[in-house]
Amino acid sequence: MSSSRHDHALPPSRVQEVADGVYAYIQPDGSWWINNTGFLVGRRGVISVDSCSTERRTLAYREAIRSVTDRPVTTLINTHHHGDHTFGNYAFPEATIVGHERTREMILAEGIPEYRTLAWTPVDWGDLEACPPFLTYTDGVTVHSDELRCEVRHVGGPAHTTNDSIVWIPERSLLFAGDLVFNGGTPFVMMGSVQGSIAVLDRLRELNAETIVPGHGGVCGPEVIDRVQGYLRFVMATAELGRAAGLSPLQAAREADLGEYAGLLDPERIVGNLHRAYAELDGLPPGEPIDLGAALLEMVEFNGGRPLTCLA
């Protein structure tokens, strides 16, 4: 039986300069609710890419920025609506929060959603307040850190969610990919689209980025796009076989041989991913709502009935 695998003594989060004046903030181990952020330091202020899931983690991120610069965070870009990237938005009251129109809609609709307590081991979330983007776009917007151009683009989809954006810095060949890219963790598209994610990853590959800051896991190169895409194709093939054999998503997950993907963190995500893949094969439009609660509880069942490990 597969189970959530984690090293419970997590290494400390770290600031990694990925280009001149551009930093990734990497939070090991990148598993459930433990995301990466990043920031650009300009003469007048700081642009942040995403916030964190808990009050403690977001305040630690603020301190990490302060360890590099005393300038204020003037802009906060959200790559999508999920709480690990947005729950900490409220801790940046001086920032203009920028995001896709659908990101704003989803945060307003969900608030601080109860599903965060449904399937995971207990987390000290802190005193959270839903704080959506108040500068929104449909296709994209460009922000500038001094003379450095940062293209915030809605990349289509649905993919990881219905509202994914990237931050592309062409002069540095540097991509903040949000959760379109997982490095070392199992990709998760239950709230988006398997096929849509595969198509969006093709578009990311065309950027020819030299450096990618993924939503979870270590800084990497473009080769990780192939790995994520390979896993998603495996999910789609598993769904097609399971559905043809009359298996439920949970049954198909239990019978699947994860093979080269067995070592990824949070392997139970195969169940949620298969729920989405089955819905697509049944003709549900990409990104349309499915029963997330039922899928999460089946992920717990796949995990031997144990709550999913969350170290946020």
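User: Let's start with S3. How many residues of S3 are buried?
Analyst: 5 of the 5 residues of S3 are buried, so S3 is largely enclosed by the rest of the structure. Buried means under 20% relative accessible area, exposed means over 50%, and partly exposed is in between, with a 1.4 Å probe and protein chains only. Helices (H or I, at least four residues) and strands (E, at least two) are DSSP runs, numbered from the N terminus.

User: Before we go on, what kind of model is this?
Analyst: It's a predicted model: local features need pLDDT of at least 70, side-chain atom pairs count only at pLDDT 80 or more, and totals for chains, interfaces and linings use all residues. Residues are numbered from 1 along each chain as its sequence is written, and side-chain values use heavy atoms, with hydrogens and water left out.

User: OK, back to S3. Which residues are on which side?
Analyst: Thr 37, Phe 39 and Val 41 are on one side, with Gly 38 and Leu 40 on the other. Both faces are covered, and all of those residues are buried.

User: And what does Gly 38 pair with in S4?
Analyst: Its bridge partner in S4 is Val 49. S3 and S4 pair in the antiparallel sense over 4 bridges, and they form a hairpin with 4 residues between them. Two strands count as paired if DSSP finds at least two bridges between them. S2 and S3 also pair in the antiparallel sense, over 4 bridges, and there Ala 24 stands opposite Gly 38.

User: What's the strand order in that sheet?
Analyst: It's an open sheet of 7 strands, S1-S2-S3-S4-S5-S6-S7, with mixed pairing. Strand S1 (14-19) and strand S7 (135-137) stand at the edges with a single partner strand each, so one side of each is left without a neighbour in the sheet. Neighbouring strands are turned by 20° against each other on average, direction ignored. For angles, axes are lines fitted to C-alpha atoms, for helices over the stretch in contact, and angles run from 0 to 180 degrees between N-to-C directions.

User: How do S6 and S7 run, parallel or antiparallel?
Analyst: Parallel, with 3 bridges joining strand S6 (residues 96-100) to S7. In S7, Leu 135 is the bridge partner of Val 98.

User: Which strands does H1 lie across?
Analyst: Helix H1 (residues 55-66) lies across S1, strand S2 (22-26), strand S3 (37-41), strand S4 (46-49) and strand S5 (73-77), at about 30° to S3. Helix H3 (residues 101-110) lies across S6 and S7, at about 105° to S6.

User: Which residues of H3 are buried?
Analyst: Thr 103, Met 106 and Ile 107 are buried in H3. They cover an arc of only 95° around the axis, which puts them on the same side of H3; the arc is that of the directions from the helix axis to the C-beta atoms. On the other side of H3, Leu 108 and Ala 109 are exposed. What covers the buried residues of H3 includes helix H2 (83-86) and S6. After H3 comes Gly 111, whose phi is positive, near 60°.

User: Switching to the other sheet. What's the order there?
Analyst: S8-S9-S10-S11-S12, 5 strands in an open sheet with mixed pairing. Strand S8 (140-145) and strand S12 (211-216) are the edge strands, each pairing on one side only. The twist averages 25° from one strand to the next. Helix H5 (residues 223-244) packs on the sheet, touching S11 and S12, and its direction makes about 15° with that of S11.

User: I'm curious about Ala 177. Is it buried or exposed?
Analyst: Buried, with a relative accessible area of 0%. Ala 177 is found in strand S11. Leaving aside neighbours within four places in sequence, Ala 177 is in contact (heavy atoms within 4.5 Å) with Ser 165, Ile 166, Ile 212 and Val 213.

User: And how far apart are Ala 177 and Ala 244?
Analyst: They're 67 residues apart in sequence and 34 Å apart in space, C-alpha to C-alpha.
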